[in-house]
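Thanks, everyone. I will keep this short, so please have a look at the model on the screen first.

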Amino acid sequence: MTGSLTPALARKFVRAALSHVTREYPNKLDHVLNKRADLKSPRELHAVFFGSFDWHSCVHGYWLLASLLRLFPEMREAEDIEDLFDTQLVAAKVKSEVRYLRQPLRATFERPYGWAWLLMFFAELNRHDGQKAKRWRGVLAPLADAFAERFLVFLPKATYPTRVGTHFNSAFAVALALEYAKTVSNDTLLEALVKKARQWYSKDSGCQAWEPSGDDFLSPALMEAECMRRVLGNSNFSSWIDRFLPHLAMRAPATLFTPAFVSDRSDGKIAHLDVLNLSRAWCWRSIATAWSPGDERRGLALEAAERHLAASLPHVTGDYMGEHWLATFALLALMQARPT
C-alpha cells in the first residue's frame with residue numbers, strides 16, 4: 001500500500017531531517033531590522049531553529065524527528081536525534097529565541113504557521129516518556145508559552161480568516177494549535193480556538209474549491225473541512241460538510257480529487273504543489289474518519305488520499321527545495337492511520 005509508514009521510510013525521513021535542521025544555508029529569513037546591529041546570520045538570530053532554509057521548516061523538522069523517535073525508538077538514528085535535542089534544547093538557546101520575539105515589530109513573526117508548528121513540536125514532546133523528554137519539555141516550555149499567548153492576543157481581533165493555500169492559512173494553524181491545547185490541557189486556548197473557528201467557518205456553504213493555485217501547499221477547502229472536523233466532532237461535522245461540500249459523493253469539486261502536477265521540483269514555489277498533494281492526503285484520511293464504514297464518501301476520500309500520496313510520496317527527497325520540508329507533510333498523512 002502506498003500510504004504506510006514503514007521503518008525504512010521513517011529512517012529515510014529522519015536522515016533527510018537530520019541533514020537539514022542544522023544546515024544554516026541557504027536561508028530565507030523572516031526578519032525585521034530595527035537597527036543596523038540586527039544584521040546577523042541565521043544562527044546568531046535563532047540559536048535553536050536556524051536551519052532548514054527557514055525558521056518554520058526547521059521547527060517542523062524537529063517535530064518530525066521527535067515523532068519518529070517516539071514511533072521507532074529502536075532505529076539506529078535514535079541516538080543522533082537525542083544528541084541533537086540535547087545540544088539544541090538547552091535553556092540559554094531557547095531563552096534567546098524568546099528574547100527575539102520580544103523585540104519591536106516582531107509581534108507578527110511567523111504568524112500563524114510557525115506559531116502552530118512550534119506548539120505541535122511541544123505537544124509531541126509531551127507524548128514522550130523519560131527524563132530526557134521531561135528536560136526537553138521544560139526547556140522549550142517558555143517558547144511554547146510565548147506562542148500560545150500570541151494566539152490568545154491575536155484571535156479576538158482576527159475578524160476574518162485567511163483562506164489562502166500557503167503559510168497564512170488560518171484553518172491549518174487552528175487545527176495544529178488545537179492539538180497542542182488538547183495535549184497540554186490548555187483549556188483557555190482551546191476555547192478561544194474553537195470559538196474563533198466557529199465564527200469564521202460555521203456558516204460556510206457551497207465551497208467552489210477554486211484550487212490549486214500555483215503557490216499552494218494547502219487546500220483551502222479541505223483544510224477548512226479538517227479544521228471543522230476537529231472543532232465540531234463527527235456528528236455535527238457531518239451536517240456541516242453536507243452544506244460546505246454538498247457534492248462530494250459525485251467527486252465534486254473534481255479538483256479536490258485530482259493530484260496537482262509538479263512541473264519543476266527544483267523551483268521552490270512550484271515544489272509547493274508536492275506538499276499540496278501530501279497535505280490533501282492528510283486531510284482526506286482525517287476527514288474519512290468522520291463517516292461510517294458504509295458511507296460512500298468514506299471510500300472516495302480514502303481513494304483520493306491514496307492517489308495524492310502516490311503522486312508525491314516518491315519525491316519527498318531529491319532536491320533541497322522540497323527535501324527540507326516535504327517529509328513533514330508526508331508524515332502527517334502517514335501518521336493519520338487509514339481507517340478500515
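This is a predicted model: local features need pLDDT of at least 70, side-chain atom pairs count only at pLDDT 80 or more; totals for chains, interfaces and linings use all residues.

Start with helix α3, residues 55-71, and helix α6, residues 113-125. Their axes are 9 Å apart, and the packing angle is about 20°. Angles under 35 degrees count as roughly parallel, and α3 and α6 are therefore roughly parallel to each other. The crossing of α3 past α6 is left-handed. On the α3 side, the contact residues are W55, H56, V59, H60, Y62, W63, A66, S67 and R70. From α6 come Y113, G114, W117, L118, M120, F121, E124 and L125. By class, this contact has 11 nonpolar, 4 polar and 2 charged residues.

Now the second pair. Helix α7 covers residues 131-154 and helix α9 covers residues 187-201. Here the axes come within 10 Å and cross at roughly 40°, which makes α7 oblique to α9. This crossing is left-handed. In α7, the residues involved are A148, F151 and L152, and they meet T188, L189, A192 and L193 of α9. That contact divides into 6 nonpolar residues, 1 polar and no charged.

Last, the pocket. What is the volume of the largest pocket? About 480 Å³. Its lining consists of 21 residues, and those nearest the centre are K28, D54, H56, H167 and K269. The elements giving two or more residues to that lining are α3 and α6, the pair I began with. The lining splits into 5 nonpolar, 9 polar and 7 charged residues. H56 is one of the residues nearest the pocket centre, and H56 is also in the contact of α3 with α6.

Technical notes
Residues are numbered from 1 along each chain as its sequence is written. Side-chain values use heavy atoms; hydrogens and water are left out. Axes are lines fitted to C-alpha atoms, for helices over the stretch in contact, and angles run from 0 to 180 degrees between N-to-C directions. Helices (H or I, at least four residues) and strands (E, at least two) are DSSP runs, numbered from the N terminus. Angles under 35 degrees count as roughly parallel, over 145 as roughly antiparallel, 65 to 115 as roughly perpendicular and the rest as oblique. A crossing is left-handed if the near helix is turned anticlockwise from the far one by less than a right angle, and right-handed if clockwise. Contact means heavy atoms within 4.5 Å. Ala, Val, Leu, Ile, Met, Phe, Trp, Tyr, Cys and Pro count as nonpolar, Asp, Glu, Lys and Arg as charged, and the others, Gly among them, as polar. On a 1 Å grid over the protein atoms alone, a cavity is a set of points where a 1.4 Å probe fits but cannot get out, and a pocket is an open set with protein on both sides within 12 Å along at least five of seven lines; lining residues have an atom within 4 Å of a point. Grid points are joined across faces, edges and corners, and a volume is the space filled by probe spheres set on the points.
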